[in-house]
Structure formats: C-alpha cells, structure tokens
Amino acid sequence: MQRMNAAAARRTALAAQGFGKRRPAKPNRRAVLDVVARTRLLQLDSVSAVVRAHYAPVFSRIGAYDRTLLEGAAWSDSPRARRGLVEYWAHEAALIPVADWPLMRWRMAKYRHGRWSGMRKVVERNPTLGKDILDVVTEVGAASAGEIERHLELDKLRPKGTWWNLSDTKMLCEQLFAAGELSTARRVGFTRHYDLTERVVPADVRGREIGEDEAVRELLRRASRALGIATESDLRDYYRLHRRQSAPAIAALVDAGELVPIDVDGWDAPGYLHPEASTPRRVAGAALLCPFDPLIFCRPRIQRIFGFHYRIEIYTPEPQRVHGYYVFPFLLDGRLVGRVDLRAERGSGRLLAPGAFAEPGYATPETAGALRAALREMADWLELDEVVIGERGDLAPLL
C-alpha cells in the first residue's frame with residue numbers, strides 16, 4: 001500500500017478544492033462555475049451574518065467576483081441562459097451542477113413519502129394539499145409558499161410559519177421539492193420560489209435514469225475528486241450517504257482502480273487517493289473560509305488534516321462561546337493559522353471583527369498582516385467601507 005506524509009496529504013486536499021491556483025484577473029461566469037466543477041456543491045444556509053454561505057466559497061477561491069454571476073447560473077429567468085446550477089439536498093441543501101440532478105433520483109424516491117417523520121404527518125393530514133399546490137404552480141408559475149397559500153385562500157388567521165414551525169403549505173412545498181416534483185426557479189431574498197421541475201431542469205437532464213447503486217458510485221467519484229484524499233467517512237459525508245451504501249461502492253471503486261488505498265502518517269483511518277489528484281510542492285495564498293465551506297464542513301476531517309478543532313457556535317449561548325457567533329477559519333499558505341469572528345453591518349458600511357484568534361505559534365505580525373489584507377479584500381467585495389477590529393483574541397492587538 002502507498003504511504004503519504006501528513007503535509008503532502010494536506011496539500012493534496014487543498015489543491016483538489018481549488019486552493020493555490022492563480023486567481024483570474026476578472027472572474028466571469030465560467031470562473032464561478034469552474035469553482036463548483038471542483039467542489040461539486042455549494043451549501044445553502046439561512047445565516048447572513050456576513051454573506052450567505054453559497055457565495056463565500058467562490059470568493060475564497062477566486063477573490064472578489066460579481067455575485068449576480070452565481071445567481072444567474074442558479075436562478076436565471078432568462079430563456080437564453082441555460083441553467084448551470086440547481087438546488088437539491090446534497091451535503092445539506094445545496095447548489096449542485098444541473099447535470100448532477102439525476103444522481104439524486106434515488107434520494108427523491110426515498111423522500112417521496114416524507115423526508116422526515118414530521119413531514120410525513122403533514123402529508124397524512126393533508127391528503128390533497130400536495131396536488132392542490134402542484135395545480136397552483138402549474139397555473140401561476142414560480143411562487144413562494146406564502147403566495148401559494150394565499151392563492152389557495154387558506155385560513156388567514158392561522159399563525160404564520162417559521163423555519164422551526166412551518167405552515168402546512170410550506171411543509172408540503174418542501175416535501176414536493178425533496179421528492180423532485182418541484183424545484184427552485186428563483187430566490188427573492190432567501191425565499192424559495194417553487195416551480196415544476198420540468199420547467200427548471202432541462203429535459204435532457206431529467207431524462208437520464210440512474211439507479212441507486214450506479215448513482216452512489218458516481219457520487220463517491222465526485223466526492224473523491226473534490227476531496228483529493230479522504231477516508232471512507234469523509235467520502236460518505238460529502239453527499240450524506242449511509243455506510244451501507246458507501247462501503248461496497250468504495251470497495252468496487254478500489255477494485256476498478258478508481259480509488260487508490262493509501263496510508264497517511266498520523267491519520268486514524270485508511271485513506272483513499274483519487275488517481276488524478278495532484279500534490280503541489282506548496283499551496284500559497286490566503287483565504288477566509290465560511291463555516292459551510294466544502295473544505296471544512298466535515299469537522300472531523302479538518303481536525304485530522306489540519307489539526308484544527310472547529311465548532312460553529314451559532315446555537316451556543318453567548319456567555320459560553322469560545323470564539324464567537326460566526327467564525328471564519330483563516331487559511332494561509334496551506335495551513336489553518338487562525339480564526340476571526342465576523343459580522344457585516346451593512347447599514348453603517350462596516351465589517352466587524354469582534355475577535356481574532358491565532359493557532360499556537362501563529363500569533364505573529366506576518367499572520368496579522370495577511371489577515372488584515374484578507375479582511376480588507378472581503379470588505380471591498382461586500383462594498384463595506386470600514387473594517388473594525390474588536391478586542392478579543394491574541395491577533396486583535398496585532399491587527
């Protein structure tokens with residue numbers, strides 16, 4: 001079996017995710033889609049403390065770009081612009097290349113009667129509501145759950161839903177989305193506007209039938225290419241597969257030479273190397289990483305590869321937070337050297353950094369200088385005038 005040292009494995013993982021490449025002088029739609037071609041997905045999340053999660057990984061890899069390029073690829077209304085990305089449940093809710101949509105058919109079939117038990121109960125107590133929703137969308141086109149609800153003239157006095165207490169209409173829209181009958185035609189703010197999948201996903205894509213076993217193998221191929229080098233649990237986590245799916249599929253890919261078993265010094269589990277993965281001599285550059293970046297959303301993996309312990313603290317009571325509400329790890333020349341708590345205060349045009357913390361050995365002027373430049377670049381991208389540094393953390397005085 002091949003062996004690799006931990007530093008080489010780290011560089012391999014970074015290169016697979018698109019770090020260390022020369023940034024385009026003026027990023028265009030192709031450059032944006034090239035990022036997704038590498039990562040295969042951009043996780044969606046409702047938190048907007050700095051910028052929505054799907055925008056940030058593209059910025060981390062190619063620098064300041066026009067966010068409407070990503071929006072146009074995912075939610076364009078133009079009949080001339082072929083859709084490049086589509087929403088579905090991949091790692092979590094995510095944007096994926098539209099060509100990957102058929103790889104999720106097995107999951108859509110699994111979700112046909114409810115993605116989780118609460119949703120199944122809503123379906124059971126509203127046996128005709130799903131059809132009613134499809135009839136409305138067929139007639140009026142893309143619409144939010146609220147617009148559909150109003151169109152159905154449901155009880156106006158019923159309390160409106162939230163993410164944790166959704167109305168039955170919203171729940172059924174989500175169920176139809178999970179089952180592949182509805183898709184997201186566009187977003188207004190962060191609100192989904194649902195449309196019939198046949199009006200969102202091109203016919204040649206919808207027409208591809210891929211069985212579960214074949215789809216799982218292909219998803220693992222994509223995960224392997226996106227990760228470069230990974231354990232079985234890393235590969236499985238990328239698309240939220242079950243071990244009963246991933247274990248036999250990985251064995252088959254190894255037998256076919258599409259995954260190369262490899263021992264990595266210091267890893268607590270066997271590794272699998274993508275046969276086309278590159279291992280550069282160095283990975284230069286700096287990047288602020290959103291908590292939902294594909295490089296770091298698998299927390300055990302970043303602990304294993306970078307020795308970086310990271311937990312998102314959004315749901316931790318403020319007095320118990322260690323680093324802050326919405327913390328971006330800081331990547332510098334191939335290592336995670338620190339983290340910074342960030343908030344975009346759009347009304348006052350300020351990027352706030354209440355806390356900045358170095359990893360052991362990196363509380364240096366060099367780290368602070370690189371982080372200062374990265375914060376300024378992010379502020380400019382978000383059209384914020386001022387960067388305000390707080391007092392928490394050992395990097396704050398240096399900043």
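A nonpolar core here is a set of buried Ala, Val, Leu, Ile, Met, Phe, Trp, Tyr and Cys residues joined through side-chain atoms within 4.5 Å. Buried means under 20% relative accessible area, exposed over 50%, and partly exposed in between, with a 1.4 Å probe and protein chains only. This is a predicted model, where local features need pLDDT of at least 70 and side-chain atom pairs count only at pLDDT 80 or more, while totals for chains, interfaces and linings use all residues. Residues are numbered from 1 along each chain as its sequence is written, and side-chain values use heavy atoms, with hydrogens and water left out.

**Stop 1: the cores**

Select Val-50, Leu-288 and Leu-342: these have the most contacts inside the largest nonpolar core, which has 109 residues. Now colour residues 365-381, helix H15, which gives the most to this core, with eight residues. (Helices are DSSP runs of H or I with at least four residues, strands are runs of E with at least two, and both are numbered from the N terminus.) Apart from that core lies another, of 25 residues, including Ile-262, Ile-302, Val-327 and Leu-336.

What is Leu-342 in contact with, leaving aside neighbours within four places in sequence? Taking contact as heavy atoms within 4.5 Å, the list has Ala-49, Val-50, Leu-288, Tyr-326, Phe-328, Leu-351, Leu-352, Ala-353, Pro-354, Leu-375 and Met-378.

**Stop 2: a three-stranded sheet**

Next, show the open sheet with the order E2-E4-E3 and antiparallel pairing; two strands pair if DSSP finds at least two bridges between them. Strand E2 (42-43) and strand E3 (85-89) are at the edges with a single partner strand each, so one side of each has no neighbour in the sheet. Zoom in on E3 and strand E4 (residues 93-97), antiparallel and joined by five bridges; here Val-86 has Ile-96 of E4 as its bridge partner.

**Stop 3: Arg-61**

Go to helix H3 (residues 56-62) and pick Arg-61. Is Arg-61 buried or exposed? Buried, at a relative accessible area of 6%. Its side chain makes a polar contact of 2.8 Å with that of Gln-17, and another of 2.8 Å with that of Asp-293. A polar contact is a pair of N or O atoms within 3.5 Å; within protein, one must be able to donate a hydrogen and the other to accept it, and residues adjacent in sequence count only if both atoms are side-chain atoms. Beyond four places in sequence, Arg-61 also touches other residues, among them Phe-19, Arg-23, Val-35 and Leu-295.

**Stop 4**

Select helix H9 (residues 168-178), where 11 of 11 residues are buried. Lys-170, Glu-174 and Asp-168 are among those buried residues. Just after H9, Gly-180 takes a positive phi of about 85°.

Carry on to strand E5 (residues 182-188), antiparallel to E6 and joined to it by six bridges, with Arg-186 opposite His-193. The two strands form a hairpin with two residues between them, and Gly-189 in the turn has a positive phi of about 70°. Strand E6 (residues 191-196) has five of its six residues buried, so it is largely enclosed by the rest of the structure.
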